[in-house]
Structures are given as structure tokens and as C-alpha cells.
Amino acid sequence: MRLLVTGGCGFIGANFLHHLLGTHDNAFVVNLDKLTYAGNPLSVKALEDRYPERYVFAHGDIGDQDLVMGLLEGHQIEAVVNFAAESHVDRSISDPAPFVTTNVMGTQVLLECARQHKIERFVHISTDEVYGSLGPEGAFSETTPLAPNSPYSASKASADLLCRAYFKTYNFPVLVTRCSNNYGPYQFPEKLIPLMIQKAGANEPLPVYGDGQHVRDWIYVLDHCRGVELTLTKGKEGKVYNFGGASELPNIEVVKTILTALGKDESLIRYVKDRPGHDRRYAMDYSLAEKELGFVPEFDFSRGIAETIAWYEANQDWMESVQSGAYREFMSRWYKERV
Ligand code: NAD
Ligand code: DAU
């Protein structure tokens, strides 16, 4: 299996590379990553030492056609897994343009290069956010109409539609995964869970948007990586597969769980101005993935969060490495507008 994995220095991509190379002796992987603020070479540093014959890093943009064609042909790539994206909803609210450039136009360049190269399989990583928001009942299935509410989710939905069009028009062998909120090692501390771990550790206020009752379905990142692996190896071309963690929780419960685990007081919680267009609830019906791929999430939230907190406590050098001046500047501007 000769793979091009994009965005492998990001949170889920890095976990996927560790998992894939650690479990498939025949896997050869090129990791194409632009190294935006969210890409951290430290997250995949061990791979170069551990698998020098089977792992190659390529620094660049998925929207660079010459570079992508060169990698596909030069390394005789058989399959693509596209994780590369601008991934943070709050940043898409502040500045939508890079989301369209990478998530829509970048994905189109990647699809087109892969089509010209006659790729055998293309797995595109998408999100439950393309379905919009739920009321108190029900769950998203693969046939739920797309109704994205943020610039981020609109850009992801657009890419999903391009994937669909490539399958319908060119019979291109694409598969799309849509997953709920991931958590675990190597997640950038702008997302809820690592941000709260970092702030609680530093005895700083924990900003909870709105009333804190927004619900997310939390999946441990390794379970999502297994879902992507199953899609790559067993999925049917042209199909969409939902993945979830069967762990629906209101945000305030997640925050309180972290405070308790760290032995910190709930007085650190600060309710702040809500995110504009904030989706109220996500929940996933992933019975198709169960039936066709044999997918079952193995981590419940209490096990996953304990492992996650332990990882961040043991890897404070990683946490410090991602907190650049630009990170601090974005976070302080964003929260100044909300408090
Ligand atoms: P992330 O922000 O942690 O990482 C994104 C990676 O992509 C970074 O390494 C970045 O440098 C790279 N990248 C960005 N633009 C690029 C470009 N133009 N060319 C090449 N590389 C580029 O994101 P993540 O949380 O790991 O998410 C990965 C994928 O999974 C995304 O497509 C996201 O939409 C999707 N997803 C994420 C979640 C979640 O909870 N984090 C859930 C469902 C789906
Ligand atoms: O559902 C999948 C999506 O999950 C992915 O597609 C996105 O890439 C990923 O970023 C994530 O999006 P969310 O917006 O759900 O994740 P985030 O961690 O930003 O926020 C989770 C919830 O916590 C959300 O309801 C907003 C809330 N929140 C977030 C932050 C950063 C707070 O209350 N306070 C905060 O400081």
C-alpha cells in the first residue's frame, strides 16, 4: 500500500500516521503538509527514525498542482487520504478566506491530480458539521441533507459535493468519512478539550460559550483513525460513512470532568459570549459503518479523557512548542471580543 496522506502533521493526521505505520508493515507513506500554525513536525518526528524506509515528509500545499502530481508519480502512489484542512470554526468566523482556499480549492486540485494519476482509492475526511444542527432528539445519518452553518462547515460541505461530483461524473474511486468531535494526543490547544486542560493546568479562567449546554459527540482519535483505516481497506467507492463515539455530552460536563480530573475548582469556569451561529447539538448514527465496515468505537469518554489528560501532562514540551506568538495573539484577540 503506497499512500499519500495530507495534513499528517495535524492532530488526526499525525495519530493516523502513527497508527497506520505501526500496524501495517507493508505501508509506505508520503506525508504532504503545509505546516500552518496547526501543523507540528514534533508530532511525527518519531516516524522518521522509526520507519526511515516507509515514511517521507513533503512540505507543501495540497493546492500546488505541480507538487502534488510530482509526489503521486514520483512515489507511485496508489491511494490518497486527505486530512489537510483549515479546521477551526472560530477562525473561520474571523477569516473565512483560507477555508475556501484550502478546503474547497485545495481539495479540488488534489482530486484532479489523483484522477489524472488514475489513483486506486481516495478517502476524503469530512465532518458531522456539514449536516448543521440538531434539536434535542435524533441523529445525523448519511442521508441527512447538508445544512452547514459556519464558513468552516460550508467549506467542508463544498468539498464533499466535489467528491460526489467526481464519483458521479468520472467514476472516480472516492469515499467520504464524516466524523464527530475528536479528542486525544496532539490536538492543538484552540479546541475545547486541550484548551481547557491547558487553562486549568495554569489556573486560568475556562471560557465556556453561551450557556454551556451545546452537545457534542466525543470520539477518541484512535477510534476515528480505525474508522478511516476501515474505510480505506473495506469501504465501497462513492459512499459516505459516518463515525461517532457514542459519547454525547454538553460542553459544561466536559469542562467539569476535566476540572475534577485535574483537582481544580469549578470557580475557574467563566461563561462568555456565545459563538455566532453556534450549532446546538450534534449526534451521529454510524450504523452503516458498523454494518459494512465492522466499526465499533472502543473508548468510552471516561477512558479516553483519562488517557488524553495523562498524555498532555506527560508531553508539556509538545504543548509549549505549539504556543507561538501568533497563537497567543489569536487567542487573546478572540477572547477579548467574547468576555
Ligand atoms: P488540524 O487543524 O489539527 O490539522 C490540519 C493539518 O493540515 C495541519 O497539519 C496543517 O498544517 C495541514 N494543512 C492545512 N492547510 C494545508 C494545505 N493547504 N496543504 C497541506 N496541508 C495543509 O486538523 P484536524 O483536527 O487534525 O482535522 C483533520 C481533518 O479532519 C480535517 O479535514 C477536519 O475537517 C476533519 N475533522 C476534524 C475533526 C475534529 O474533531 N478535529 C472531526 C471531524 C473531521
Ligand atoms: O464536529 C466535528 C468538528 O469538531 C470538526 O469538524 C472541527 O474541525 C473541530 O474543530 C470540531 O468543531 P467544534 O466547533 O465542535 O469544536 P471546538 O473544540 O471548537 O468546540 C467544541 C464545543 O465547545 C463547541 O460547542 C464550542 C465550545 N467551546 C469551544 C471553545 C474553543 C467553548 O465553549 N469554549 C471554547 O473556548
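**Reading a predicted model**

Student: How many helices and strands does the protein have?

Tutor: Helices (H or I, at least four residues) and strands (E, at least two) are DSSP runs, numbered from the N terminus. The protein has 13 helices and twelve strands.

Student: What joins the side chains of Asp-61 and Lys-34?

Tutor: They meet in a salt bridge, at 3.4 Å from N to O. Asp-61 is in the loop between strand S3 (55–59) and helix H3 (65–74), and Lys-34 is in the loop between strand S2 (28–33) and helix H2 (45–50), so the pair ties together parts that are 27 residues apart in sequence. In general, a salt bridge is a side-chain nitrogen of Lys or Arg within 4 Å of a carboxyl oxygen of Asp or Glu. The whole structure holds 16 salt bridges.

Student: With which residue does Arg-178 form a salt bridge, and are the two partners buried or exposed?

Tutor: The partner is Asp-160, with the closest N and O atoms 2.8 Å apart. This pair links distant parts of the chain, for Arg-178 belongs to strand S6 (residues 174–179) and Asp-160 to helix H6 (residues 151–170), 18 residues apart. Both residues are buried.

Student: Where in the chain are Glu-298 and Arg-226?

Tutor: Their side chains form a salt bridge at 3.3 Å, N to O. Glu-298 is in the loop between helix H10 (287–293) and helix H11 (301–314), whereas Arg-226 is in helix H8 (residues 221–234), 72 residues apart. Arg-226 is partly exposed, at 22% relative accessibility. Salt bridges may also share partners, as those that join Arg-91, Glu-190 and Lys-191 into one network do.

Student: How many positive and negative side chains are there?

Tutor: Lys and Arg count as positive and Asp and Glu as negative, while His and the chain ends are not counted. Each charge is placed at NZ of Lys, CZ of Arg, CG of Asp or CD of Glu. The protein has 33 positive and 44 negative side chains, and the centres of the two sets lie 2 Å apart.

Student: Which residues does Ser-141 touch?

Tutor: Contact means heavy atoms within 4.5 Å. Leaving aside residues up to four places away in sequence, Ser-141 touches Tyr-131, Asn-242 and Asp-285. Ser-141 lies in the loop between strand S5 (121–127) and H6 and is buried, with a relative accessible area of 18%. Ser-133 is found in the loop between S5 and H6, but Ser-133 is partly exposed at 34%.

Student: Why is helix H7 (residues 192–201) described as largely enclosed?

Tutor: Eight of its ten residues are buried, so the rest of the structure largely encloses H7. Among the buried residues are Ile-193, Leu-195 and Lys-199. After H7 comes Asn-203, whose phi is positive, near 55 degrees.

Student: What does the radius of gyration say about the whole protein?

Tutor: The radius of gyration is taken over C-alpha atoms, and the globule rule is 2.2 Å times the number of residues to the power 0.38. With 339 residues, a compact globule would have a value near 20 Å, and the 19 Å of the protein agrees. The C-alpha trace spans about 55 × 45 × 35 Å along its principal axes. Of the 339 residues, 57% count as buried. Residues 24 or more positions apart account for 84% of the contacts with a separation of 6 or more.

Key. Residues are numbered from 1 along each chain as its sequence is written. Chains are lettered from A and ligands numbered from 1 in the order in which they are written. This is a predicted model: local features need pLDDT of at least 70, side-chain atom pairs count only at pLDDT 80 or more; totals for chains, interfaces and linings use all residues. Side-chain values use heavy atoms; hydrogens and water are left out. Buried means under 20% relative accessible area, exposed over 50%, partly exposed in between (1.4 Å probe, protein chains only).
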